[in-house]
Amino acid sequence: MLEPLRQGLPPLDPAAVSDAASCALPARYEAVREARQFTRRTLDQWDMGDRFDDVCLVVSELVTNALRHGLPTADACTGGREAAVRLHLMRWTERLVCAVRDPSHDSPVARETDDFSAESGRGLFLVDSFSDSWGWHPLAGALDGKVVWALFRLPRTGSRTAAGE
């Protein structure tokens with residue numbers, strides 16, 4: 001079990017968000033494909049298509065984990081509840097955050113495995129490998145469950161150009 005992890009996630013001022021997009025995902029494994037398509041469209045709109053491969057892999061793993069481990073057993077990928085999982089993409093000048101919300105209070109579990117050809121059990125290892133940092137935290141207030149997030153640092157070159165204009 002992993003303790004809630006907020007370190008590594010720089011303070012995120014919602015007012016400073018350059019762009020944000022989110023989509024509701026149903027409790028079906030086909031939602032992983034929908035999440036990839038949404039991520040492709042969003043990154044293309046933000047002129048970040050060159051980051052698609054890494055971001056898409058991480059989004060796929062986060063959504064798959066939410067569907068497998070974050071839903072009540074009765075709802076788990078049977079179509080029991082619509083919009084059981086939500087994907088958020090947020091971009092600041094120098095970072096992109098992918099966050100997946102699910103209704104579970106259980107912490108993500110990173111499994112130790114030496115079998116890198118295994119078909120499952122490597123999701124959080126891949127998230128850790130392809131993002132700059134990741135973590136999770138429980139939700140409070142009216143929202144129930146947790147958010148698992150991954151952060152990607154963006155090159156500063158675009159921000160210097162925009163600031164110089």
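Reader: What share of the contacts between residues at least 6 apart in sequence join residues at least 24 apart?

Author: In the protein chain, that share is 68%. Keep in mind that this is a predicted model.

Reader: How many helices and strands does the protein chain have?

Author: Start with a count, then read the order. There are four helices and five strands. Along the sequence, the pattern runs β-α-α-β-β-α-β-β-α.

Reader: How do I read strand pairing? Which strands are joined to β5 by bridges?

Author: Look for bridges, and then for direction. Strand β3, residues 95-102, is joined to β5 by eight bridges, and the two run antiparallel. One partner pair is Val-100 with Val-148 of β5. Strand β4, residues 133-138, is also antiparallel to β5, with six bridges between them. Here His-137 has Val-147 of β5 as its bridge partner.

Reader: Is β5 mostly covered or mostly open?

Author: Mostly covered. β5 spans residues 146-153, and seven of its eight residues are buried. In the protein chain, buried residues make up 42% of the 165 residues.

Reader: What should I expect of nonpolar side chains?

Author: In soluble globular proteins, they tend to be buried together. Now take this model. Its largest nonpolar core has 35 residues. Those with the most contacts inside this core are Leu-25, Val-59, Val-63, Val-85, Leu-87 and Leu-96.

Reader: Which elements each supply at least two residues of this core?

Author: They are β1 (19-25), α1, α2 (52-69), β2 (85-91), β3, α3 (123-130), β4 and β5. Helix α2 gives the most, with nine residues.

Reader: What does Leu-87 touch, beyond residues up to four places away in sequence?

Author: Leu-87 touches several residues, including Ala-21, Leu-25, Phe-38, Val-59 and Val-100.

Reader: Why does Arg-36 count as partly exposed?

Author: Compare its value with the cut-offs. Buried means under 20% relative accessible area, and exposed means over 50%. Arg-36 has 32% relative accessibility, so it counts as partly exposed.

Reader: Which residues does Arg-36 touch, leaving out those up to four places away in sequence?

Author: Arg-36 touches Phe-52, Cys-56 and Ser-60. Arg-36 and Leu-57 are 21 residues apart along the chain, and their C-alpha atoms are separated by 8.4 Å.

Technical notes
Residues are numbered from 1 along each chain as its sequence is written. This is a predicted model: local features need pLDDT of at least 70, side-chain atom pairs count only at pLDDT 80 or more; totals for chains, interfaces and linings use all residues. Side-chain values use heavy atoms; hydrogens and water are left out. Buried means under 20% relative accessible area, exposed over 50%, partly exposed in between (1.4 Å probe, protein chains only). Contact means heavy atoms within 4.5 Å. Two strands pair if DSSP finds at least two bridges between them. A nonpolar core is a set of buried Ala, Val, Leu, Ile, Met, Phe, Trp, Tyr and Cys residues joined through side-chain atoms within 4.5 Å.
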